Amino acid sequence: MARMSERTPWWRDAPPSRPRRVSGGIQIHTARGSVAQTWWSARFIEVLESLGVGGRLARGRTYARAGQTLDLRVEPGAVVARVQGTRPQPYRVRIGLRTYGKAEWTAVEQALADDAWYAAALLAGRMPPEIEQLFASLGLALFPASGHDLSMDCSCPDYAVPCKHLAAVFYVLAERFDADPFEILALRGRDRETLLANLRARRGGTAQAPDAPQATPLADLLDTFFVAGPSEASQLPPAPTPPDALLDQVPAFPIEVRGHRVVDLLRPAYRALGDG
Amino acid sequence: MFAVHGLWSPGRGLLLWAEDGERPATTSSRSLRSARPHPFAVPSAELAELHPGKPVIVTLLLPSRRSGPVASPELVRSAPIRAGRSSPSLLPWSVPAVIVDPTELDDPAEQVRYGASVAHLREMLRFADGLAARGRVLPTLVREPGPEARWRLIVQGRDAVVFDALVSALPPVGRAERQAPGATTGPDPGELVGDAVAVLTDTAVRDRLARADALVPLVPPRRGRVPRRIPVTEGWLAALLTSDGRVEADERELDELARALEPWDGVGTESAGPARASFRLTEVGVLDDPAAPDGPSTDQTGDGTRWQLQFHLQSAADPSLLVPADRIWGGGAGKLARLIGEPQELLLAELGRASLVYPALTPSLRQARPESLDLDLEGAARFLTEDAALLLGAGFGVQLPAGWDGGRRLGLRLSVRSTPTAGVVTRSGLGREQVADFRWGLAVGDDVLDAAELDALVAAKAPLVRLRGNWVTIDPEQLRAGLEFLRRAERSRAGRHPPSAADVLALAQRHPAELADELPLPVTGVDAQGWLGDLLDGTAERSLEPLEPPPGFTAWLRPYQRRGLSWLAFLSSLGLGACLADDMGLGKTVQLLALEAHERAGLPASRGATLLLCPMSLVGTWQREAARFVPGLRVLVHHGGDRIRGDGFADAVAAADLVVTTYGTATRDIDMLAAVAWRRIVLDEAQAIKNSLAATSKAVRRLRAEHRIALTGTPMENRLAELWSVMDFLNPGVLGSTERFRQRFAVPVERYGDTEAAGLLRRITRPYLLRRMKTDPNVIDDLPEKIEITQHYRLTREQASLYQTVVDDMMEKIEGSDGIARRGNVLAAMAKLKQVCNHPAQLLHDGSEIGRRSGKVARLEEILTEILAEGDKVLCFTQFTEFAQMLVPHLCARFDQEVLYLHGGTNKRQRDEMIERFRSPGGPSIFLLSLKAGGTGLTLTAANHVVHLDRWWNPAVEDQATDRAFRIGQRRTVQVRKFVCPGTVEERIDEMITSKKTLSGMVISDGERWLTELSTVELREVLTLGAEAVDGTDE
């Protein structure tokens, strides 16, 4: 543990625990309360919180909000991240989780292919709750049940596990999982593309590459240069939905404004749109 | 004349540029390397006078020949140019343009033709505004350029189809802006339209929010101290309302906000792709369905059918392209496979997304290859009434069973019987209470349910019922309320008076939504028999007994005119305002005069006077025709500087039967006119009040009268709002408030072609509207084959003073000459006066803009508007080529269409080609001919209107020209109009020609030579300008 450089006098007065500022790091959005927005990411946070001591978790959350996490990669069997702490060299953080074996994945993929609901929900951005049962029926657990299922390492000098850096990575990871539940399956050994391709193969479909249509060069349109193209505009009236219907269909917005949900703040404006 | 084009320039906005038919067609610059200045583009400053905006120079790639760009088809050149022989190629031109505000597109300039590209910009604008109005937007953050808060459009479902239509409709000229030197492809239409619609939608949302009645604060109000630094989310929300959307925040905060917005930024992008899920509700016959071995258990209806919701992928670009789920699972997506990479994943993602909106879908997905969802009867009913709309709203496709019609709901129906129309007395006021019988019933759509069917419905207790072969949803609660209402109505019927005719009319005419408070169910219809039914059906005119022309009426009424008279008298007796909208030339004036004579026959004069408002040019016509057809009618013309004002007015009105005034005068004197209790207000050319907000319309609404009539050949020229204005004047409140009308009728019908709304509108207005066409078989037999109409107009002040100068000058010359010299002077005077009557510029040869300097041209435009609105074609004859050359570009611009012009210099090949094009159904509608070149020999029976713009003082010559249209092969009645200005040489000679006795003794040889035989005194009389030639007031 090297002493801090004397060439940075402004640094000396700062509290020793304050980490170096990072620009371009990964920040989490939730301003307060629970970080995990979905039940599936909450399962990881629960494990973390079952292990952690309050102070470290809170600092970890502060780290996560401040964007101290420089990068985070979900690999088969491990989450690898770098977190900027007080030292110039970022800490290396790793959370390991057992991958399934080939035979296990074959069974999982078959089960998923047999029930389109799972892929449909995952593709729509949600982890279907029934998936736990599906894994359980194959003798597998999708989520870690306790800290024993996870291996946690951090290159920081803190003796405690989880340290605040590990905690920060958990929080960032939770948001990653919120946005894309496929990442949990990737952690277990099947990335999204491979999984979908395998499911398709079990379903018996083939992949085809799309051809992007090209714009006709103007030089080929000289005869009809000033004429409108063919158009069969729909005469269907739009579905009679209220102007604020969209607000009921959007995912939750993670930031609140002084205790108000953004959707509630927008709603009067949407209603006013329909009056003009 | 200008032809204006437009394009969307990314980063700059709406850009207009124009071609000018007066500028040279070619450039002398031979450089083919760089973009040369466009030789006939309108300079920015000149264009900015029509459409104010920021001037810019753009490089456009246009079809060109070596020496210049090829003109657009909208451009009319005053001097024709030789068509080049080489085939055109694409060359860059440097073109002045203006960047304009979107509102400029709704404000077209006169004298200008707009190309298809401008119409396309307008369509994009409308689409963007529709998205904004329906809240199909989500806020987002744009970093480059920025940071800015923006409203991002969500294009799903039907909107995606419209968007794709906009992309394919983009005319090439709309993407003619060169992106980089050497580039020749032009921007991608999809990207260009996408950028345009995105920016326009953002603008439309901000405009709408800025216009909103109440201020919409997006940020909650702060109590206490405002912090030094506003959190980025608040700043961003506030910026959603500002005009530039600028967000002040540092990069870190922006990153945070951008990440928070990621899930929202994903909304709408997933299905904006080329396909979406579509759900088709179908009825499957279980008896024929081998896939349903369960037999009776799946038979949910009891009659051998079950309901199924089948999953498809549907192309967004071509909604008719549907691929069923089983083919997608089988790996064959057919044509769609070319458009989408992974149809299976797309279908799965769509189904997953749909299950959020429609959770009942989930169980059907619990299998390897979901294809459909089995629905029970309640489920199918719920889908039809609720879930389908939710799915549509979330961007999915929905197809409902054939024969299903959401409009067929359970409703109330009223049956009324009244005395037969034929027996109705129209003389005295008709009792509004003469309703004989009246009964409520329950109906589905147009089917009234009988007792047995009602019993069956009650017994069914299911929401989806088969009724007379079609499925309908019946809400048991509504059914119960309906039956209860019938029982109450039946009980009170015994004790109470039946409703008056007025009540029934009101019931039939009100919008269903307005009755919701009083009745448990919507009123789906009124079955009325007798006169009430005829009135509601709009058939009263045919059922009424035609009235005899009243005593004291000197004209002979044609049969259809007598029916029109009965109809007017009938509505008058009911106190209902009437709109007589017969085609031009069918004699609306005569019918109205007959009504006045009919009502006043045998009655004391104290009935009160009728006030008639008309355009200035028609005051004389009314005055003359009234004197001719109803000599006993006391007419007061309230018009001009010397009109009666103040105390004397009431007395003058008391002594009159008909007071004729102009719209302008009435607006000025409205306080005085509104103080009189009129028997009737008549609006002639009632489209004058088409804009309900104009001063004239507001003034007219203040007038009080027992009865109101509107006369017009075009009850609606452009927009439904015009119909509202006329109808609301006739029967105030009949179509609801303007706002309501816009919401219920104007927007659905005009924007979305909603036939149901159009039908309802027709039903509400038809009792008050009588419109007969010349082509109507009931009318056509009554018509002569040729109708001669003298078209009166007035000179402008400029024309009048010019006329006077010419008369003074020429009379001096004529008096001082004799023999051949005198003859020459007389003919010269005639020619000059005719030119003045045509247009001042024709005499002054100043080549100036046509403007509003000629009363004749103004009147001609009115007439052509009516003719073109009918879809008819017209021949216009003039003897002056200079006048014709002025008119051609002017009329082209005014009516935005080609005007054919045949003159002495036209060679035979060109002439044959013109005649052929005029004859073809889609060809030009206006044919201008010089009297000499076109007056003989041609057959132009495609036209059923002939207009003589200036007079040739020889009836034979004019008749010969008229016969171009009125000859063998003509199947319609030909209307012939001759322009005559009262108080000028035109009117005096017209009178001389018509009254043969004045002409006796004169030998009418060929031409106009006979005029030179008139004595100087006679000549002075003929030429002098009368006071009636020009109007005393400016309108």
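**Parallel sheets, a nonpolar core and a chain interface**

In chain B, strand β23 is joined by four bridges to strand β24 (residues 658–662), and the two run parallel. Helices and strands here are DSSP runs (H or I of at least four residues for helices, E of at least two for strands), numbered from the N terminus. Two strands are said to pair if DSSP finds at least two bridges between them. Within this pair, His638(B) stands opposite Thr661(B) in β24(B).

The model is predicted: local features need pLDDT of at least 70, side-chain atom pairs count only at pLDDT 80 or more, and totals for chains, interfaces and linings use all residues. Residues are numbered from 1 along each chain as its sequence is written, while chains are lettered from A and ligands numbered from 1 in the order in which they are written.

The strands β23(B) and β24(B) belong to an open sheet of seven strands in chain B, with parallel pairing and the order β23-β24-β22-β25-β26-β21-β27. Its edge strands are β23 (635–638) and β27 (769–770) of chain B, each of which pairs on one side only. Helix α17(B) lies across β21 (578–580), β26 (704–711) and β27 of chain B, and runs at about 165 degrees to β21(B). Such angles, from 0 to 180 degrees, are taken between the N-to-C directions of axes, which are lines fitted to C-alpha atoms, for helices over the stretch in contact.

Helix α17 of chain B covers residues 559–574; its 16 residues reach 23 Å from the first C-alpha to the last, close to the 22 Å expected at 1.5 Å a residue. The expected span is 1.5 Å times one less than the number of residues. The helix is mostly covered, since 14 of the 16 residues of α17(B) are buried. A residue is buried if 20 or more other C-beta atoms lie within 10 Å of its own, exposed if 12 or fewer, and partly exposed in between, with C-beta atoms placed from the backbone. After α17(B) comes Gly575(B), with a positive phi near 75 degrees.

Chain B also holds an open sheet of six strands in the order β28-β33-β32-β29-β31-β30, again with parallel pairing. At its edges stand β28 (786–792) and β30 (899–902) of chain B; each has a single partner strand, so one side of each is left without a neighbour in the sheet. From one strand to the next, the twist averages 20 degrees.

Five of its five residues are buried, so β29(B) is largely enclosed by the rest of the structure. Val874(B), Cys876(B) and Thr878(B) point one way from the strand, and Leu875(B) and Phe877(B) the other way. Strand β29 (residues 874–878) pairs with strand β31 (residues 926–930) of chain B in the parallel sense over five bridges. Here Cys876(B) has Leu928(B) as its bridge partner, and Phe877(B) stands opposite Leu929(B). Four bridges also join β29(B) to the parallel strand β32 (residues 945–948) of chain B, where Leu875(B) has Val946(B) as its bridge partner.

Leu875(B) leads on to the nonpolar core. In soluble globular proteins, nonpolar side chains tend to be buried together. A nonpolar core is a set of buried Ala, Val, Leu, Ile, Met, Phe, Trp, Tyr and Cys residues joined through C-beta atoms within 7 Å. The largest such core has 346 residues, and those that touch the most other members are Ala120(A), Val169(A), Phe170(A), Met124(B), Leu683(B), Leu875(B) and Leu928(B). Helix α7 (residues 164–179) of chain A gives the most to this core, with ten residues.

Chain A has ten helices and six strands, and buried residues make up 37% of its 276 residues. Between the chains, 73 residues of chain A are in contact with 90 residues of chain B, a contact being two C-beta atoms, placed from the backbone, within 7 Å. The largest share of the side of chain A that touches chain B, seven residues, comes from α10(A). That side of chain A divides into 46 nonpolar, 18 polar and nine charged residues; Ala, Val, Leu, Ile, Met, Phe, Trp, Tyr, Cys and Pro count as nonpolar, Asp, Glu, Lys and Arg as charged, and the others, Gly among them, as polar.
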